[in-house]
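Trainee: Could we go through this structure together, one question at a time?

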Amino acid sequence: MNITKYSFCYLSILLLLHTSCSKKKSDKDKQISTRPNIVLIMADDIGISDLGSYGGEIKTPNIDFLAEEGLRFTTFYNMAKCNPTRSSMLTGRYNGGNGAVHLAHLTKQAGYTNLMSGKEHFDKWVPEYCRAENVFDQSFYFWATTEYFLPPSGVYERPFYLNGKQIDATEIKHEISPMYKTDFITDYALNWLDEALQKEAPFFLYLPYHAAHYPLQARPEDILKYRGKYLQGWDTLRRQRYAKMKALNVLPKNAKLSPPEDNLNKLRAPLIPAYTNYSPWAEFSDAQKDSLDLEMAVYAAIIDRMDQNIGRVLSTLKAKGQLENTIVLFLVDNGSCPFYTNKIKDIAPGPANSYWSLRTSWANLANTPYRQYKQCGHEGGSHTPFIAYWPNTIKPGSFTDQAGHVVDLAPTFLDILETSYPDSINGYKTLPLHGSSLLPIFKGEQRHEPDYFISGLEKFRMFRSEDYKIVRLNNGEWELYNIKEDPTELNNLALLFPKKLEDMQLKYQKIAPILNKTEYATSR
């Protein structure tokens, strides 16, 4: 009798402990499964006015959906070039070294499945432990730049890597032939996404597309959509885009259309006048206009194809019932690129055996209404679209004129994930973040604006603090602008307000040593 009594008590205790542990495990699983999935999409070398939802005539219905159902920033800064933008965005720092923490470290710490497919390109200071194969559960990438179509040689300019292992072009899985980079980048992402959606854990998908970076290559059916649409020329189209941007409220209210402008970067050779200099459209012959129309049509087609693939991702999430529980962030690494990079001069842009780049006047259209281009701290190079979509948190169809920066993404992730910044990483004490969270803006609140924003390569640096901004070209004299009153940088105030210029320079000089102090990590 006593044995039975004690056995019953013992079993009761075991059952109670099991129920308690199961409840704790269930609560933890529930917490993980209810956290939002995160999709971070980065485009490449696209101007602020190229997207339909930011004023462009290029068909981007899927990006436009995210904008119309989410939040558009009228002012969002990058680092004005591919590698520094990615370095700062993924670590939350303007520079660093060992102790930098990748966004995927944060999501992994929070229990997420990490996936990455697309372009990888970092500054030398980014540690080896931040490379794709070291932070993502699945990764497929190329470094910096390579072709969209497989070249006639059968070898890409730069190879692709699958989870850190270099693979031959013949090993790249693709659903559509001929193989096209934007398509098969998405193929890999969707295959892994299907696997991730079968798990309880949420996922972080990083999709850094290469569109619309050179070379100008696109599928014929996409080019055909835009052939002839650019015969009216960049002058007319700039005015049309500017008017649409004003109507859409994607510009600061006092933003004026800047005059057409040459590429003033004298340090990025070769300097071919037909590429670097602006010319009125009316000066060209019909044959020249046709050739120029093709150039821009291919650029538009590259963006169109990227949007189609973003649509594939959104459709998959919707079909799996996950779209409503997914944050989608879309941004661009820098403004449109005007640099001459034509390696094959006798073949027009578009097919696999071509290698062209966009010229200054078309890049000027892309960056409407701002001045200058990629690499530059002027708004045309440093100021690009940012769209945030988050059902039930972000108000659909909303806009903000609060400025943001790519360094703000890491602290934003921390708030979304409700996790803490680690004390150490890979044996190093972690470096503090330079940005601040965008979450208050997502929620329709006012955030305290950071003390400063930085962009542009060192010799084309911009430094913005409160209402003012200093910026230089070719390591020349600092220009000064009241960026709140003069968003398109039409009135250089350096001579009128020398004391303000000096104050801004002193502010920059105080933080420059900290920002420029870099512990270089081992780099591929």
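This is a predicted model: local features need pLDDT of at least 70, side-chain atom pairs count only at pLDDT 80 or more; totals for chains, interfaces and linings use all residues.

Trainee: How far apart are the end C-alpha atoms of helix α6, and what span should its 16 residues have?
Mentor: Helix α6 covers residues 181-196. At 1.5 Å a residue, its 16 residues should span 22 Å. The end C-alpha atoms agree with that, being 23 Å apart.

Trainee: How many of the residues of α6 are buried?
Mentor: This helix is mostly covered. Of its 16 residues, the number buried is 13.

Trainee: Where do the buried residues of helix α2 lie, seen down its axis?
Mentor: In α2, residues 61-68, the buried ones are Ile63, Asp64, Leu66 and Ala67. Their directions fall within an arc of 155°. An α-helix has 3.6 residues a turn, so residues three or four places apart point the same way. The buried residues of α2 therefore line one face of the helix.

Trainee: Which elements cover those buried residues of α2?
Mentor: The cover includes both strands and a helix. Among them are β2 (71-73), β9 (326-332), β10 (386-389) and α10 (286-319).

Trainee: How many disulfides does the structure hold?
Mentor: Two sulfur atoms would have to be within 2.5 Å. For Cys130, the nearest cysteine sulfur belongs to Cys82 and is 19 Å away. For Cys337, the closest is also that of Cys82, at 7.8 Å, which is too far for a bond. The number of disulfides is zero.

Trainee: Is Cys337 buried or exposed?
Mentor: A residue counts as buried under 20% relative accessible area. Cys337 has 6% relative accessibility, so Cys337 is buried.

Trainee: Which element gives the most to the largest nonpolar core?
Mentor: That core has 81 residues, and those with the most contacts inside it are Met306, Phe330 and Trp362. Trp362 is in contact with Tyr230, Trp234 and Trp281, among others. The element that gives the most, with 15 residues, is α10.

Trainee: How many residues are in the second, separate core?
Mentor: Its members include Val101, Leu439, Ile470 and Leu515. The count for this core is 73 residues.

Trainee: Is His210 buried or exposed?
Mentor: His210 is found in the loop between β8 (203-208) and α7 (220-226). Residues that His210 touches include Asp44, Lys119, Phe142 and Lys181. Its relative accessibility is 1%, so His210 counts as buried.

Technical notes
Residues are numbered from 1 along each chain as its sequence is written. Side-chain values use heavy atoms; hydrogens and water are left out. Helices (H or I, at least four residues) and strands (E, at least two) are DSSP runs, numbered from the N terminus. The expected span of a helix is 1.5 Å times one less than its number of residues. Buried means under 20% relative accessible area, exposed over 50%, partly exposed in between (1.4 Å probe, protein chains only). The arc is that of the directions from the helix axis to the C-beta atoms. Contact means heavy atoms within 4.5 Å. A nonpolar core is a set of buried Ala, Val, Leu, Ile, Met, Phe, Trp, Tyr and Cys residues joined through side-chain atoms within 4.5 Å.
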